[in-house]
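Please walk through the local geometry of this model.

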Amino acid sequence: MTWTDWMDENKIILIAAACTVVGAGGCLVVLRVWLQGPNCRSKARLNGKTVVITGCNTGIGKETARDLSSRGARVVMLCRDLQKAKLAAEEIHKETGNAVVVYPLDLASLQSVRETAAKLKDAEPRIHILINNAGVMMCPRWETKDGFEMQLGTNHLGHFLLTMLLLDQLKASAPSRIINVSSIAHTRSGVTTYSLHPGVVQTDLGRHIHQSVNGFIHWAFHFFGNFFFKTVKKGAQTTIYCAIDERIATHTGKYYSDCAEKEPHPRGICDEDARRLWDTSLQLVELGQCNV
């Protein structure tokens, strides 16, 4: 057991000891460690497996790609900024020695999603893990190229269409997994699906917040974030856990946070709402009726 693992298991004891020995300052230090959350402890290898990750040229997506590549996976990066993606892919390849390839993907364009899926159909006949990681948050009132509100179009509809178009490759690679860092839909097709909350992480996801809030809130967000938010490495741990942990291989449709199963909000488990969202999403991305 590593020192970090031991600290994960003994957080309460550490906080109490710190407060006793060095007072509030020590308490804050240990609190920061506690807020970082646990590590994924699985030693699983991914040799011969193909992992597709969206939005992974920075932040927790990049850390996820780095970790899974180090386990032997062939990592396929789907990113809008090709220059950043190629630099990240080269960095990860140099560290791990394993194949890391890049394809362009703009989730704010359903045409781009279709084009990328078509390329993957020819180039990647087997996909063992799909990680829908990309997302935007608190952006101005922007619209996607298809006229959808940017957060709905990027975080949900783009990933929904991508997942549906890659589903045959995922089924062909069963047992395979779909991990939604921002939840889309649960499917039951020999492919296990997971949604997760990575925690509050210090990444550039909040890069648009200054356009949505006043200056003080923007300053406070980043000031306190430097101390209390998770690092990108820690923020990636639950994604990695859902992608590889052997103990949850059959736990389809579950919700996770801090490398553990959590109870989702009741609105997130309403079958009627899920059916409506599924049908509406199919209509909006023009797939027609489809049952999986």
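Q: In which sense do β5 and strand β6 (residues 191-197) pair, and over how many bridges?
A: Strands here are DSSP runs of E, at least two residues, and helices are runs of H or I, at least four residues, numbered from the N terminus. Two strands pair if DSSP finds at least two bridges between them. β5 and β6 are parallel, and the number of bridges is 5.

Q: What are the ground rules for these values?
A: This is a predicted model, in which local features need pLDDT of at least 70, side-chain atom pairs count only at pLDDT 80 or more, and totals for chains, interfaces and linings use all residues. Residues are numbered from 1 along each chain as its sequence is written, and side-chain values use heavy atoms, with hydrogens and water left out.

Q: Which residue of β6 is the bridge partner of Ile179?
A: Ile179 points one way from β5 together with Arg177. Its bridge partner in β6 is Tyr194.

Q: Which residue of β5 is the bridge partner of Ile129?
A: Strand β4 (residues 129-132) pairs with β5 in the parallel sense over 4 bridges. The partner of Ile129 is Arg177.

Q: How far apart are the end C-alpha atoms of helix α4 (residues 82-96)?
A: The expected span is 1.5 Å times one less than the number of residues. With 15 residues, α4 should therefore span 21 Å. The distance in the model agrees: 21 Å.

Q: Why do the buried residues of α4 lie on the same side?
A: The buried residues are Ala85, Ala88, Ala89 and Ile92. The arc is taken from the directions from the helix axis to the C-beta atoms. They lie on the same side of α4 because they cover an arc of only 100°.

Q: Which exposed residues does the face of α4 turned away from its buried side carry?
A: What covers the buried residues includes α3 (59-70), β2 (74-79) and β3 (100-104). The face turned away carries Gln83, Lys86, Leu87 and Lys94.

Q: What is the relative accessible area of Lys62?
A: Lys62 sits in helix α3. Contact means heavy atoms within 4.5 Å. Not counting residues up to four places away in sequence, Lys62 touches Cys56, Asn57, Ala88, Glu91 and Ile92. Lys62 is buried, at 16%.

Definitions and conventions:
Buried means under 20% relative accessible area, exposed over 50%, partly exposed in between (1.4 Å probe, protein chains only).
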